[in-house]
Amino acid sequence: MKKITRRSFLTVCGAVAAAAALTACGGSASSAAASSTSAAAGSTAAALSGNVATGGSTSMKNVIAALTEGFAEVEPGVTVSYDPTGSGAGITGATDKTLDIGLSSRALKDDEKADVDGTTIALDGIAIIVNNASKVEDLTVDQLKQMFTGEITNWSEVGGDDGEIVLIGREAGSGTRDGFESIVDVKDSCKYAQELTATGAVISAVEANPLAIGYASLSAVGDTVKMVTVGGVECSEETVKDGSYEVQRPFVFVTNKSVTLSEQAQAFFDFATSADAADLIRTAGAVPVNE
């Protein structure tokens with residue numbers, strides 16, 4: 001990814017100044033005017049300041065952190081705040097104008113689209129995770145449906161050791177939960193042993209229990225748990241992007257239709273949805289859609 005750093009910005013300014021000096025020695029008036037306009041535009045762009053309030057999806061934590069770090073190189077005077085309160089709260093925050101940009105790890109519902117717009121900035125695979133000690137390597141969507149609704153209750157029924165399956169999930173209102181339950185067709189019918197309020201908490205619970213199974217954003221999963229394949233397809237950037245991995249969802253920027261974003265918020269929005277942000281999104285474990 002080609003980054004626009006503070007140093008490169010200053011280099012451009014220096015080049016503009018040099019062009020202006022050459023113009024004074026015989027260059028055209030139009031060239032001088034163009035150089036002056038470019039310098040003024042650059043100065044304005046570099047002078048942005050203030051805060052951009054974002055919040056919502058906890059699954060988007062790594063993506064927002066990467067985008068914020070990259071944006072700071074372009075606009076060091078702007079602070080991007082992030083409140084990880086869940087997708088529902090992110091959409092509500094954009095709706096009631098307490099957030100500049102709400103963050104949702106699910107698509108907007110029809111009744112939500114009256115007040116806000118959703119812009120997909122990346123795709124995320126919802127990884128199915130088990131304890132590292134588990135013998136289970138692959139599950140089908142149908143098996144997942146039967147497991148999470150209590151029809152299959154023992155690991156031996158899906159190729160594992162004898163033991164009662166412990167279902168770990170997210171709390172009501174979580175975008176990850178909504179995405180998983182919608183895709184697997186288990187909406188509001190899961191028999192969870194634990195409902196936790198953050199992606200990291202789900203991963204930790206599965207790590208600690210050899211009989212546990214859960215789901216988490218691909219971007220958040222490390223080597224402390226094992227990702228099983230679904231229908232023989234691993235959860236990866238390639239399989240999410242080509243659509244072969246079935247359990248996936250969008251990462252969405254949510255903005256209020258009746259409000260014009262502040263200059264700094266618009267600059268962050270434009271940066272996050274540009275091709276320049278693709279490598280940052282990829283590094284954070286998600287799949288960029290603009291490149």
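Predicted model: local features only at pLDDT ≥ 70, side-chain atom pairs only at ≥ 80, totals over all residues.

Colleague: Which residues have the most contacts inside the largest nonpolar core?

Modeller: In soluble globular proteins, nonpolar side chains tend to be buried together. A nonpolar core is a set of buried Ala, Val, Leu, Ile, Met, Phe, Trp, Tyr and Cys residues joined through side-chain atoms within 4.5 Å; buried means under 20% relative accessible area, exposed over 50%, and partly exposed in between (1.4 Å probe, protein chains only). Here the largest core has 43 residues, and those with the most contacts inside it are Ile128, Ile129, Met147, Phe148, Phe180 and Ile213. Strand 4 gives the most to this core, with five residues. A second, separate core of 28 residues includes Leu103, Phe253, Leu261 and Ala277.

Colleague: How many residues of helix 9 are buried?

Modeller: Helices (H or I, at least four residues) and strands (E, at least two) are DSSP runs, numbered from the N terminus. Seven of the 10 residues of helix 9, residues 263-272, are buried, so this helix is largely enclosed by the rest of the structure. Among them are Phe268, Phe269 and Phe271.

Colleague: Which element gives the most to the lining of the second largest pocket?

Modeller: Rolling a probe the size of a water molecule over the atoms shows where empty space is left. On a 1 Å grid over the protein atoms alone, a pocket is an open set of points where a 1.4 Å probe fits, with protein on both sides within 12 Å along at least five of seven lines; lining residues have an atom within 4 Å of a point. Helix 7 gives the most to this lining, with three residues. The residues that line the pocket include Lys61, Tyr82 and Thr199.

Colleague: Is Thr176 buried or exposed?

Modeller: Thr176, in helix 6, counts as buried because its relative accessibility is 1%. Its side chain makes a polar contact (N or O atoms within 3.5 Å, one able to donate a hydrogen and the other to accept it; residues adjacent in sequence count only if both atoms are side-chain atoms) with the side chain of Arg249, at 3.3 Å.

Conventions: Residues numbered from 1 in each chain as written. Heavy atoms only, no water.
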